[in-house]
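Subject: Structure handover

Hello,

Here is the structure we talked about passing on. Please open it alongside this note. My findings follow below.

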Amino acid sequence: MSADRREFRNPFDDFDISLKDCPLVKDGTSWRLAPAFKTHLESWIQDLLGRLEADMERDADWDDSSVYTGTAGLILLFMHLNSVTSDTKYLQRAAELEPRLPSLRPSHRRPTLLCGDAGVVAVTAAVHQAERRTEEARRRLATVMKLAFAVEESSSLPDELLYGRAGYLATLLYIRRTFGNDVPNLEEAMQKTVSAIVSSGARLAARERSPCPLMYAWHDKHYLGAAHGLCGILSLLLQVPQLVAPPALADLVLPTVDYLAGLRLPSGNYPSSLESRTSDRLVHWCHGAPGFCHMFCLAYQTFGDERYLQLARQSADLVWARGLLRKGYGLCHGTAGNAYTFLHLHQLTQDPRDLYRACRFAEWCSEYGRHGCRTPDRPVSLFEGIAGTVYFLADLLHPEKARFPGLCF
């Protein structure tokens, strides 16, 4: 275990096809999950899902509606299982949970996917759409579209992913991925949100005379990671580069990615904020190299510069070394969330090493609770607890389609 006890020493050998228990097999020129490993994976999903169901009534926070830690996150998990397995029992389970949501009136102060009302409405719209209640789904989507005024440049909304403008953009991207491009006013809302995010970052950078052309703050701190900071905001913008004005893409977004790359610590990790730029403690999706890996992958996809692919590789190597977290097995600050770095990189390179590493992290997660990790505050939730671990394991069944929920679409 590391000196500050934040992560466990990685006990796994790195990729070698000669390993007796290698979870991969070669299929022509590509690699796929070995049948025996896939059988284990399906068994792990069912085992952990059984634990989730057994503990849900006692441990779920039924007063919390959010995707991040509340009921909507559990609904999103079952919708994901329905999509991955095509088993309608999971759709039925999602529909059963919807009445457990607290009464909701979407607020312009909470327009985000993960921690806001908009995400709850969008996820429940997906349930109605899947159950062929199309008119109700459309009505709910129209409610989300009406929140677009909340992201205007004159509003006091922050810009980060969990509570800010980037979080509303994530809601819109979720809607586009789930419902397609034909949702009324969707493109207009996305364009408006992107413009507001870029303008807000440029204004703060100019006001603070920052060497970085885009700068954002949350609670008076300049966060850098995926949850509250720059790399999370850029990750959303890089998924809609066609909506960023070409001069802004070249003169603001690209140099901001380069600025963040320049903050790399000697270990290969990244600081959580400018205020703690020499600290090398956190290797979480929310703070540190895992979130940066996603941003660099998206920058490579947008700009085609091999340098960003190399930066993503270096981040993934750091996650392999330090990503088995004592904090738990969840998505936000746990081993399952860290494993998505390998899946994203594998999708770009088809390097079996990355798929192998994701499989080993899945093997670690299959022993949920046996390593002496901290019990999360919300133990069955999507982003802190066992629901997120199940979500990752289900994504690994089809690694070419895996997406970190709420960040990559």
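Predicted model: local features only at pLDDT ≥ 70, side-chain atom pairs only at ≥ 80, totals over all residues.

The crossing is left-handed.

Helix 8 brings Cys231, Leu234 and Ser235 to the contact. Helix 10 brings Gly291, Phe292, His294, Met295 and Leu298. By class, that contact has 5 nonpolar and 3 polar residues. No charged residues take part.

Next, one residue. Serine 200 sits in helix 7, which runs over residues 186-207. Is serine 200 buried or exposed? Its relative accessibility is 12%, so serine 200 counts as buried. Setting aside neighbours within four places in sequence, serine 200 is in contact with Asp159, Arg165, Met215 and Tyr216.

Now the whole chain. The protein chain has 14 helices and 2 strands. Its radius of gyration is 20 Å, close to the 22 Å that the globule rule gives for 409 residues, so the chain is as compact as a globular protein of that length. The C-alpha trace spans about 60 × 50 × 40 Å along its principal axes. Of the 409 residues, 61% count as buried. Among contacts between residues at least 6 apart in sequence, 66% join residues at least 24 apart.

Best wishes

Definitions and conventions. Residues numbered from 1 in each chain as written. Heavy atoms only, no water. Left-handed = near helix turned anticlockwise from the far one by under 90°. Helix = DSSP H or I, 4+ residues; strand = E, 2+ residues; numbered from the N terminus. Contact = heavy atoms within 4.5 Å. Nonpolar A, V, L, I, M, F, W, Y, C, P; charged D, E, K, R; others polar. Buried < 20%, exposed > 50% of the residue type's maximum accessible area, 1.4 Å probe, protein only. Rg over C-alpha atoms; globule rule 2.2 N^0.38 Å.
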